[in-house]
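Hi,

Here is the structure I promised to pass on.

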Amino acid sequence: MKILKIKFKNINSFYQKLYTIDFTQSPLSDTHLFIISGPTGAGKSTLLDVITLALYNRIPRFKKISISEIDSLGSIVNSKAIEEPRCEAYAEVEYEVRSGRYRSCWSIAKNRNGNWNDYQMEIAKLPDETLLDIKSKVDIPKKNAELIGLTYEQFVKSIILAQGSFAEFLKADRFTRAKLLEDLTGTQIYRQLGISAFERSKTAAKQVELKEAEQKGVVLKSTEELETLKAKKELSEHRRSQLEAEVEKWEREAKVSSDIRELEISRTRIQADKQRLLQEEEKFRVEKSRLQDHERVSHLVAPMTRFVEFQKQKLQLEDEFKKTRQNSEHHFVKRSELLRYASELTGLPLKEDELTKVVNEFEHRVVQLELTIGNLKAQAQPLKDSLRHEYARAEYEWVTTLPFQDLRKTFVQLKSKKEQLAALLEAFPTDFKASESLRELDEKILLLAELKKLILDRDRIGAEGKKTKSDLALCTESEVKLVPKLENVRKVIAELTKKIEEYGDKLLYETTKINLEDQRKKLKEGEPCPLCGSTHHPYLHTYINNVSELGQKLKDFKDELAAKQNLEKETLLNLETARKKKVELSDRLTQMRLEYRTIEQQIKALTLQWGGLDEHTVDAIDQQLGQIQKEKANIDRWVASRDQMKLASRLLENVSSLESIDQELARLEGEKQKIYKGKDVRADVKSLLRNWEQVLNAEVENQRQSRLLQEKLKNLETELHTLKSELESALIEKGIESLEVAQRLLLDPKVYEQLKREQDRLQEWAGRLATQETENEKSLAEKIQQRVYPEMVFDEVRDRLTQLKTAFHQTVAELATIENEFQNDAQQRAKFEAIQLELGLLKKESQKWELLAKYIGDAKGNRFSSFAQSLTLKNLIGLANARLQNFSDRYLLDKPKSDSDHLFVLDTYYGNSARSTSTLSGGETFTVSLALALALSDLASRNVKIESLFIDEGFGTLDGEMLESAVTILEKMQDESSKLVGVISHRQEMKERIPVQILVDKAADGTSSIDIRG
């Protein structure tokens, strides 16, 4: 898996700008090793966050990414960007795997209400940009894991290496190392399995214990208790049968006795109802007579009703006819008012027959005046808009001072302005081509500016050359002095070395004499020496002084030699520095001379192009530039005057036109005001004519209604006379004196219906009571025949039945209690058997978990975790040793000894001698920990080829020598591998050794930026 490119915007401290880091483009593509550098807190690790965010929607520093965390904690999205209403953040990574190239994107944005939308993710197949068909965005991290072959946890362990964690790992004790190894390899599952096995075994044993206690709590009846209970049940069942028969017999007797009592009560109630019926019939006697009188004339109800209706119609028609006369008077008044209003409107005396014509002619005249006024205003509007536009965009102050409200004053000022501008335009001929002249002047300015820059560069290089020449002379002088000085020092060193050897031999000779010390102590002055026979023994006097003097001189010579050797090193270093600087200064001086000659040639070429200059100095060029600028300023003033002249002419024309239109408008408005002072003549005329037409139409309709009403009244009176004659003849036959008497006998329909219903109710009630009385007497006789104990009254029968029922219920309750005891015993026996079965299964399950806990379980999971981590550690050490061989053939990692907490290294240079990793130097620790980090990457990505690595942490605590060793190892990795390796560090020494750099800088406002150098 190889990272090709990343893009991001508004992530962490990076604000607004869309940043792109392309590992396929120079300088990043030119090397396999680069550094991500910058001060602490600048945002170096953000580049790694972008990769994991775009691929897995996760970053190492946060367990979960949510909108609430983005808002409350300011994580992921830049804090300044969060304050913006339409903020958006973006992270993208392009990568290459076996199946091809892909681009994965993550983004989040605010909606128009300033609230966060949910994040979005997508994957595209490159280079055709085809989006992969993934239904849900939560499946995109899974798809990336499938394409890459690494989960998020494997990815951060394989590609983003925390080398500092392994430095801690090397020096940890066995328990801390096991915990670190779990965290680094993600194998906490083994500890969890050990704890789970322990807990499951404990839980299974507890379940067995609880189930056994539950089984002991089940109580079962004995065989004797069951036999006694069975006999008691049979006795109760026999008694229940007897009581049940007695209850049924006495319930029948109670039912018959109750029915007789109810029938006797019904007899009394029927007699009372018959008495109430007689009372109500007496009350209804008068109303019954009225009902009979009504029925005598009821067959004449229709004609009599029609007669009354005709009378009402006649009165109504007379009222309507009266209203038509009133309407005629009202219409006359309304016509007079409208005629007077029309005369006032038109200013002419009018008659009714000529009102419409005169008013229409008046309207036409006023409308024509309004149209003319409107057209003039329409003509004036563009002119006014033009003046307002010119005022609003005015580039010249004099335009803003024009009094546009007073057109006459504006006209005068514009005329005066044109005269002033005309005088200014006389500075150049009318056919003067200003743009060409300005272009030529600009070209001259550019040429002079370039010439000035070249002269400044020439003078600067000349000054620098003089200084470099002076520095070169000093270096040559220093070299001349240091060469003989070095020769003298080396000569002195040779002499001192010779003296030290000479005096060393002397001292050695003297010290060998000490071996004869025992013999020398026996010598006496005046007695002969047994070795040489001499009676004089000088050693006794001079030996000690000689040895002491030789030792002191030898020490002085060595001290002086050390001082001279230091002086030799210092002089040699100064000489090499001087010679190196001399070469650098010579090269620089040669380069400066070349640049100086090149600039001189360019200056000559530009001078010829200009046409010749008296002096090649900055002052001379500045003088030429000043003259050109003055000439250009004069042309600019002439161009401005020409543009202002066009503007003044345009404004003067518009103002003149507006003034003419305003005069004509004033005349027409005055003429209109004389004949019409209203606001809307069309509306006034329309309203007047509409009202006039309505009044005329209403009068015509009123006259038509009056004629119809007269005709209806005449016809109605004829019908009334005929109907009255027919009714009076019919009434005389019934013995009714007159129509008025018949009308009094005739009841209101509602009253008639009410009385008729009451009569029918009384008749139906009487029939119903007769039927009830017959049926009740018959039933009473039948019930008396059914009595078994006729001598007992109802209350005595009821009491006897209650006693029997109580005894029966008590017997049933006893049987229920006995049956319940039988059922409880059966349930308890079933429960006992079920518990027995469950207990057997639980014991079997408990034995399985007990056996598993015995081998891998404990309360903290250490047993299984230690076993698993020992296998992982062995595998990791093997992979790490393969990596170590690429760095150095000296060391091999070895597992801890049985009596030690620490890891060991084998030193192959000293016969594979073993020593603890806690004794490693800083550089050795970095080498081994880096090998472990790479081994973890190999372990996490067994089936995936990793071509991009980022090494984070571990460099900040190294001293200069150790850091030098670390960089050497990284460079060796670069040479021996095709991996792209990125190192994250703020150390300046790392930047100096690794030329390709991604520099992350943090500004004063807290925002970060990126600069790629190589």
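**The sheet and what packs on it**

Strand β6 (residues 120-126) pairs with β7 in the antiparallel sense, over two bridges. Within that pairing, threonine 130 of β7 is the bridge partner of lysine 125. Two strands count as paired if DSSP finds at least two bridges between them, and helices (H or I, at least four residues) and strands (E, at least two) are DSSP runs, numbered from the N terminus.

Before going on, a caveat: this is a predicted model, in which local features need pLDDT of at least 70 and side-chain atom pairs count only at pLDDT 80 or more, while totals for chains, interfaces and linings use all residues. Residues are numbered from 1 along each chain as its sequence is written, and side-chain values use heavy atoms, with hydrogens and water left out.

Back to the sheet: it is an open one of six strands, in the order β2-β1-β4-β5-β6-β7, with antiparallel pairing. Its edge strands are β2 and β7 (130-131), each of which pairs on one side only. At the β2 end, β1 and strand β2 (residues 19-22) run antiparallel over four bridges, and phenylalanine 8 sits opposite tyrosine 19 in β2. Strand β1 (residues 2-9) is also joined to strand β4 (residues 88-97), antiparallel again, by seven bridges. Here lysine 7 stands opposite glutamate 92 in β4.

Now for the helices. How do α1 and α4 pack against each other? Helix α1 (residues 46-56) meets helix α4 (residues 140-148) at an angle of about 105°, and their axes are 7 Å apart. (Axes are lines fitted to C-alpha atoms, for helices over the stretch in contact, and angles run from 0 to 180 degrees between N-to-C directions.) That makes α1 roughly perpendicular to α4, a label for angles of 65 to 115 degrees. From α1, Ala54, Leu55 and Tyr56 make the contact; from α4, Ile140, Pro141, Asn144, Ala145 and Ile148 do. Contact means heavy atoms within 4.5 Å. Of these residues, seven are nonpolar, one is polar and none is charged; Ala, Val, Leu, Ile, Met, Phe, Trp, Tyr, Cys and Pro count as nonpolar, Asp, Glu, Lys and Arg as charged, and the others, Gly among them, as polar.

Finally, helix α8 (residues 188-216) has 29 residues. Buried residues in α8 include Arg191, Ser201 and Lys211, where buried means under 20% relative accessible area (1.4 Å probe, protein chains only).

Cheers

Key
Parallel < 35°, antiparallel > 145°, perpendicular 65-115°, else oblique. Expected span 1.5 Å × (residues − 1). Buried < 20%, exposed > 50% of the residue type's maximum accessible area, 1.4 Å probe, protein only.
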